[in-house]
Amino acid sequence: MALLAKSKPAVVSTAGAARAADRSALFDDRFLRTLEHLHMVSRKVFAGNLRAERRTRKVGSGIEFADHRTYARGDDFRYIDWNLYGRLDRLLLRLFEEEEDLHIYILIDCSDSMAIGTPPKMHYAMKVGAALSYVGLANLDRVAIVPFASKMLGRMPPARGKNRIFRVFDFLRTVDIGGQTDVADAMKMFVGQHKRRGLAVLISDFYDPRGFEEGINTLRYNKFEPFVLQVYDQKEAAPNLHGDLALVDCETGELREVTVSKALLDAYTREHEKYCKELEDFCTARAVPFFRTHTGIPFDELVLRIFRSGGFLR
Amino acid sequence: MTWLAPLAGRTVGLAALAAAALVIIAYLLKMRRRRFEVPFSNLWKRVLEQRDANSLWKQLRRLLSLLLALAMAGLIIAAIQAPTLGVTDRRARNVVVLVDSSASMRAVDGDPARPTLTRFARAQERTAALIDALGGGDQAMIMRVDAQATPVSRFASDKPMLRKALDELVPSDTGADLPRALSAAADALRGRANPLIVVVSDGAYPELDRNQVSWAAPADAPPPAAGADPDDATASFATAQLAAVDLAGIDVRYLGVGTRADNVGIVAFNVRRYIANKAAFEVFIEVENFGPEPARRQLALKDGDTAIELLPIELAPGERKRLIYRQLPGGASQLSAELRAVDGPGGSDPFPLDDQAWALLPARKKQHVLLVTNDNLYLEGAMLVYDNIEVYKATPAEYDAAPAATVTNTATGKPYDVVVFDDVTPAVIPPPPINVMWFHPDGAASPFAIRGVLPRPRITDTADTHPVMKWVTMSDVNFDAANVFAVDASKGEVALVRSVRDAIAVARRDAGRKLIGFGWSLAGTDLMLRVAFPLLLVNSLDWFAGDDSDLVTTYPTGTRLRIPLDGLAGLTEVTVVDPLGHRGQAPVVDGAVTLVTHQIGIHQIIAYPPGTPPDAADATPLASFEVATNLSSPAESRIAPAVDLVLSGRTLEAPPTFAVSARRDLWLYLVLAVIGLLCIEWITYHRRITV
């Protein structure tokens with residue numbers, strides 16, 4: 001029987017990949033309104049407890065006007081917009097584009113394993129990436145989108161200003177997807193091509209046969225600030241399987257015959273949880289922000305959670 | 001262990017190979033897994049690595065699953081061969097139970113304590129007890145014995161099945177053919193171990209039947225002596241060896257029933273009309289006392305429902321009394337005789353079947369005959385000699401003027417029974433049911449096809465078996481000419497008189513009536529001067545009336561009857577309605593109905609047109625007549641039961657006590673084992689034990 005099974009060609013993702021490839025309805029008007037809402041919420045967060053974190057940002061050293069913000073004690077008087085003070089009777093500071101502005105790299109795993117799930121994890125990751133990009137763009141950070149699998153699959157050059165969000169959408173809709181996950185190689189390629197350091201938001205399921213450690217460490221060792229976001233599907237964590245099965249790895253095509261019993265399912269669930277915990281412990285031990293979510297949680301809820309926990313908005 | 005249905009080794013091997021191949025294919029098919037796509041098989045790998053430590057046990061469990069399936073296939077193949085335990089028991093017997101179902105078993109003396117119990121019911125009880133006493137290894141067959149020997153079951157040890165076959169037996173009204181039954185039983189037992197025949201009967205068999213048995217194998221009997229008369233010796237040797245029933249090596253036992261021997265029965269009953277006076281008849285009755293004591297009865301003779309004779313009779317032991325009643329008047333066609341019981345000793349007996357007998361009188365009626373002739377003194381004169389007819393006359397012109405009115409008798413208002421055309425062939429033939437006779441039919445209007453004229457024919461052949469030509473001699477009759485008929489056998493036409501190959505007189509049935517054509521003219525022959533002429537007329541008129549003094553209408557039961565059907569062509573079978581009203585079919589062979597009757601009483605034989613469905617009771621029959629069947633068997637009326645049955649000098653003993661053997665059929669247990677294994681396999685598979 002084993003001979004019979006091995007003689008057949010390995011089946012790699014088909015239906016899931018096709019579903020993931022259809023990204024036409026991913027970023028609609030409703031999504032845009034959600035992003036605007038998130039941006040507003042992020043402003044509230046910024047105006048609250050987290051304001052101090054944003055003060056480190058260099059403003060005024062450039063020449064290109066970027067925005068206004070409320071005056072705070074200690075700000076340079078030279079940048080107070082007195083005209084506005086005359087009209088509004090409020091002290092507002094003029095912000096100029098910083099020469100050393102913040103670069104945010106949204107690294108989205110687009111391997112075959114991300115095509116699995118309902119909805120596909122890749123779609124969820126793209127939505128989260130787009131949301132974070134919007135917030136970053138709106139905050140005048142330079143946002144770049146870098147999809148990857150075993151290597152970089154493309155690159156959206158850094159952009160700034162929230163009107164660039166449509167470029168993000170277009171890029172995410174059209175970027176090539178598929179391939180095996182190899183975070184380490186992809187990150188090596190990424191750091192090799194990006195000399196400007198910044199925040200590297202790594203969105204992936206981290207189902208990498210070579211492990212996740214080397215990839216994250218590559219970012220760390222090259223002065224990037226990794227921000228790890230793990231996405232999984234609930235059915236991956238607790239699959240509803242039973243009986244004799246031939247399990248096919250959607251990326252490698254590796255076939256593994258199992259007879260799924262309840263005990264085996266329980267062992268698998270425990271193993272999945274253990275794997276995720278290993279990733280979380282790894283990040284926590286290295287002060288790398290880490291978030292884990294499944295595709296059942298609405299992406300805006302996740303983004304808000306990210307905002308509230310800090311680390312992304314500074 | 002013994003295999004009751006052993007298969008050849010090659011067959012078993014092939015079957016086992018095929019079953020094993022099927023099981024293995026099914027096993028492989030069962031192992032074919034559903035493919036499922038996972039994002040990260042390494043997780044499964046890590047889980048399975050921990051479980052693969054016991055992979056050997058896992059393989060073994062898979063092997064166990066295969067072995068379970070193979071074991072099931074093996075058990076099924078074994079079950080097919082019907083293995084048994086204990087059949088090697090040499091005491092197990094093969095038994096044929098001959099249950100006497102003949103007429104004498106209807107005697108109501110099965111048990112003195114139960115006055116209404118017949119011998120047959122008692123025989124059923126004793127046979128049932130015999131079946132219940134069969135051992136586990138014994139096999140029995142039940143055979144019904146009357147005029148024939150009929151197995152009603154196969155060899156089986158299934159007691160409920162044997163009891164059911166026994167309960168469905170009913171006695172018949174025929175004698176018992178013991179030699180035939182013994183021969184059939186011996187044939188059935190040939191080649192079987194420990195053969196045993198049990199005769200359950202009253203033992204009332206003729207001595208000839210009882211001695212028609214050979215206990216030694218034919219080869220063991222001495223051949224004819226050298227000095228003996230060759231013919232006699234060879235004949236006796238052949239009789240003894242070929243006619244005897246070979247019971248060599250077979251144990252024959254006897255279970256007797258019946259207690260009383262007194263019986264008075266009617267052993268013969270017949271009736272006939274006088275030829276000269278059809279209005280009267282005479283009856284012959286023979287009554288015999290078969291008992292050891294004097295007997296008294298009242299003999300009742302009935303004509304239809306009317307008693308015409310009541311006669312007390314007394315019979316000494318073994319006395320046979322013949323009674324002839326002469327010149328009895330009467331019109332009913334059905335006569336019956338009955339022996340009635342009278343009060344006092346010797347006034348009754350336990351066997352009622354031979355106390356009744358039936359006989360049928362040939363139909364008789366005064367026929368109205370119309371002669372269509374231009375005055376023929378000879379014909380009219382010949383008609384006058386027969387007092388069973390009334391003759392009327394019309395001229396051909398009168399007939400041609402009004403055929404329908406002419407054939408209606410003005411005195412009675414009914415059509416004439418017979419119309420005779422003398423040298424006239426009218427265009428219109430009288431309608432049925434009028435019987436018609438033609439002398440010299442001619443031309444296109446002839447009812448019989450004419451293919452020529454034969455001058456001066458010489459009579460070379462007459463149909464002596466036909467009622468019209470009975471006792472008629474025409475060899476010296478002279479004719480100046482005669483028309484030759486083209487006999488159409490498909491219409492049932494029969495040539496009555498032939499001149500070499502040419503038929504010059506024919507007869508046939510047509511639409512329920514009868515037609516006769518004589519090819520000669522009475523004006524051109526000297527037939528009228530011969531004795532044959534009035535005889536020919538009387539025979540013809542009697543045939544028209546359905547009156548045949550030779551017709552035998554009373555037959556004994558259990559014998560093969562051959563009843564001729566004259567004038568009915570193309571029939572292959574007829575419908576027979578027995579005295580109980582059951583309808584059946586009987587074949588017609590060579591123009592005669594062939595049947596065996598099992599019931600006393602009146603049987604009705606109905607001939608429907610060919611092609612009529614057997615169940616078409618409302619179809620118009622071509623002909624219908626009755627026959628009476630009576631027991632008429634002194635052998636059966638001699639009901640004295642035999643305490644000991646002696647066959648060819650050997651007294652049969654009672655059946656032995658059957659040994660209860662330990663034989664047990666194993667197929668059921670094998671099937672149960674297969675079901676058990678199936679359950680185990682199902683449970684272990686779904687509990688992930690053997691997968």
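Modeller: Strand β8(A) runs parallel to strand β2 (residues 34–38) of chain B, and five bridges join them. Strands here are DSSP E runs of at least two residues and helices are H or I runs of at least four, numbered from the N terminus; two strands pair if DSSP finds at least two bridges between them. This is a predicted model, where local features need pLDDT of at least 70 and side-chain atom pairs count only at pLDDT 80 or more, while totals for chains, interfaces and linings use all residues. Residues are numbered from 1 along each chain as its sequence is written, and chains are lettered from A and ligands numbered from 1 in the order in which they are written.

Colleague: Which residue is the bridge partner of Ala246(A) in β2(B)?

Modeller: Arg35(B).

Colleague: And what does β8(A) pair with in the antiparallel sense?

Modeller: With β9(A), over six bridges. Gly243(A) is opposite Val260(A) there.

Colleague: In what order do the three strands of the open sheet stand?

Modeller: The order is β9(A)-β8(A)-β2(B), with mixed pairing. β9 of chain A and β2 of chain B are the edges; each has a single partner strand, so one side of each has no neighbour in the sheet. On average, neighbouring strands are turned by 35° against each other, direction ignored.

Colleague: Which helix packs on that sheet?

Modeller: Helix α2 (residues 41–51) of chain B, which touches β8 and β9 of chain A together with β2 of chain B. Its direction makes about 55° with that of β9(A). Axes are lines fitted to C-alpha atoms, for helices over the stretch in contact, and angles run from 0 to 180 degrees between N-to-C directions.

Colleague: How many residues of chain A are in contact with chain B?

Modeller: 32 residues of chain A, against 21 residues of chain B. Contact means C-beta atoms, placed from the backbone, within 7 Å. On the chain A side, the elements giving two or more residues are α1 (2–7), β8 (243–249), β9 (255–260) and α11 (262–285).

Colleague: Other topic: strand β27 (residues 513–518) of chain B. How many of its residues are buried?

Modeller: Five of its six residues. Buried means 20 or more other C-beta atoms within 10 Å of a residue's own, with C-beta atoms placed from the backbone; 12 or fewer is exposed, and in between is partly exposed.

Colleague: Which strands pair with β27(B)?

Modeller: β21 (residues 435–439) of chain B is parallel to it, with four bridges, and Val436(B) stands opposite Leu515(B). β26 (residues 502–510) of chain B is antiparallel to β27(B), with six bridges, and Arg509(B) stands opposite Lys514(B).

Conventions
Contact = placed C-beta atoms within 7 Å.
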